[in-house]
Amino acid sequence: MKTLTTHYIDGAFVESHGREVMDIIKPTNREVIGRVTLADEEDTRRAIAAAKRAFSHYGRSTKEERLKHLRRMHEAASAHIGDLTAAMIDEYGGVARFAGIIVESGVNAFKAAEKALQDLPLTRGWGDTTVTLEPVGVAGLITAWNANTLFICLKVASAVAAGCTVVIKPSELSSIQTQVLIEALHKADLPKGLLNVVAGRGNVVGAELVRNPDVAKISFTGSVGVGKSIMRDGAETMKRVTLELGGKSPTVLLDDADLDQAIPSALIMAFMNSGQACAAGTRLLVPKSRLDQVKSAIVKAMAAFPVGDPADLKTAIGPMVSQKQYDQIQSYIRKGIEEGAEVLVGGEGHPTGFEKGYYVKPTVFVNAKNNMTIAREEIFGPVLSVIVYDSEDEAIRIANDSNYGLHGAVLGSDLQRARRVASQIQVGRVVINTMADDDQAPWGGFKFSGVGREYGTYGIQAFLEPKAILATSAQGKF
Ligand code: NAD
């Protein structure tokens, strides 16, 4: 049993002023594995004040100093990859085969930011004009629970590269994972106050960060509803915002696709991170002429997606994070059936033998229409809707007929044709026949999927303000 009673403020672990205690529940069996004392507004204000003091020095740091801190954080986090992965499996129920990848890409974010900072000129000049990119100030970093280490590392790396100091508010469902990460980063020997962490509720700690005038920027990963409220409430203090929100991503299967390869890829896209992924490809668009073949290929390929203990490397689908998440997914599966979609695989309830935890059945609907609730709303669980199209143009129209625009995939044999389709999908990133990542490529959404981008120079620029100085030594030029 883990008991967490501290926050990380001004370079030290300090006892919580907030008194609310929350149980930490293990998603595989609903046992209480820890207790966390949640922060209140006073803890948050103390963290903001520490970050503000630190910014008065760190805001003037050189590129070399920032690079040094990024290297140190990379070293410190790298030494704890095993602990971070174990915490993700235990507290969140992340499957080992995916949790390892998530943690490694989180740790790698410091290295990637180092490269991006080296590539980014912070000063440009022409004639009598000099333009510098200045850190925006204290940044509030608010994160979701489905890839905690990655989100925190990514946001911290970009903010520190830009010269900002930060206050992190992780999801309250990620308290143990955050503690492991911050204990690791504490060893990086950063300037006091550069990095502060307050674990607490969104409507308490998050809301204080959003309204506090000493916070210049909010970088948020989470739901559309909260993203909207951050934009609205942040306007009062003219907050800069980066919002990484939800998705309902299309996977376009072209009629020349090799189904033996394409269907397993489409299922990985749909079920990665047990379906609790913002980029999950939850709408599979298939040519009507190949529907029967696609159905058989899906049923066959499902054998490679077993539900099980997330610690077992063979498991593809673990439990959902919470009862709320379990209930939400059940209600969407019910809604899909009520609206006339046909269950090809899965359905309502727990998979047999997994009744104790928040396990759901990975579910594939066919005969789904793009106007059904299951095709329009983000389910955030392992539920895939197969939707048919008649022509390439119709596939593109359906792909774009969504409030969301985060991610998309195209699967097909003719690369030129696949690129032509990809270029017409209105999303922040499209992958063609791959799930490969690129830590310098931008990540973020069109439409309701968010505002701004993370990763690479794009992610660092989100924490910078351009400032121009126009000067001449001839004094009579006004
Ligand atoms: P959420 O919006 O409920 O919570 C996200 C964070 O916001 C949490 O830390 C929460 O405590 C905090 N919060 C809640 N109310 C707040 C308020 N009033 N003010 C400030 N902060 C507040 O989302 P979630 O359930 O944690 O995460 C799931 C969502 O995140 C999904 O929609 C998913 O698509 C999205 N997501 C997006 C990306 C991306 O990169 N685009 C990545 C992962 C998850």
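Student: Hi! Which elements each supply at least two residues of the shell around the ligand?
Tutor: Those are α7 (202–211) and β11 (217–221). Keep in mind that this is a predicted model.

Student: Noted. Which one gives the largest share of that shell?
Tutor: That would be α7, with three residues.

Student: And which residues come nearest to the ligand?
Tutor: There are 26 residues around the ligand, and the nearest are Thr-143, Lys-169, Ser-223, Leu-245 and Glu-378.

Student: How does that shell split into nonpolar, polar and charged?
Tutor: The shell around the ligand has 13 nonpolar residues, nine polar ones and four charged ones.

Student: Let's get to atoms. How far is a polar side-chain atom of Lys-169 from an oxygen atom of the ligand?
Tutor: The distance is 2.9 Å. Ser-223 also faces a ligand oxygen, with an N or O atom of its side chain 2.5 Å away. Then there is Trp-443, where a polar side-chain atom lies 3.0 Å from an oxygen atom of the ligand.

Student: Nice. How much of the ligand's accessible area does the protein cover?
Tutor: On its own the ligand has 850 Å² of accessible area, and the protein covers 87% of that.

Student: Which pocket is the space taken by the ligand?
Tutor: The ligand takes up the largest pocket.

Student: What volume does the largest pocket have?
Tutor: About 1,100 Å³. The pocket is lined by 40 residues, and closest to its centre are Trp-145, Phe-220, Gly-222, Ser-223 and Val-226.

Student: Which elements build the lining of the largest pocket?
Tutor: Four elements each supply at least two residues: α7, β11, α8 (224–234) and α11 (323–338). The largest share comes from α7, which gives six residues to this lining.

Student: Changing topic: how much space lies in the second largest pocket?
Tutor: About 890 Å³. Its lining has 37 residues, with Phe-98, Ile-101, Ile-102, Met-272 and Met-435 closest to the centre.

Student: Which elements give two or more residues to that lining?
Tutor: For the second largest pocket they are α4 (96–119), α5 (148–162), α9 (259–271) and β20 (429–432). The largest share, eight residues, belongs to α4.

Student: And how do the residues of that lining divide by class?
Tutor: The lining of the second largest pocket holds 25 nonpolar, six polar and six charged residues.

Student: How much space is in the largest cavity?
Tutor: About 130 Å³. It is lined by 15 residues, and those closest to its centre are Thr-6, Thr-178, Gln-179, Val-197 and Ala-199.

Student: Where does the lining of the largest cavity come from, in terms of elements?
Tutor: β2 (6–9), β5 (32–37) and α6 (175–186) each supply at least two of its residues. The most come from α6, which gives four residues to the lining.

Technical notes:
Residues numbered from 1 in each chain as written. Predicted model: local features only at pLDDT ≥ 70, side-chain atom pairs only at ≥ 80, totals over all residues. Heavy atoms only, no water. Near = heavy atom within 4 Å. Polar contact = N/O pair within 3.5 Å; in protein donor to acceptor, adjacent residues only side chain to side chain. Areas by Shrake-Rupley, 256 points an atom, 1.4 Å probe, with all protein chains shown as cover. 1 Å grid on protein atoms, 1.4 Å probe; cavity = no way out; pocket = protein on both sides within 12 Å on 5 of 7 lines; lining within 4 Å. Sits in = over half its atoms within 2 Å of the grid points. Nonpolar A, V, L, I, M, F, W, Y, C, P; charged D, E, K, R; others polar. Points joined across faces, edges and corners; volume = space filled by probe spheres on them.
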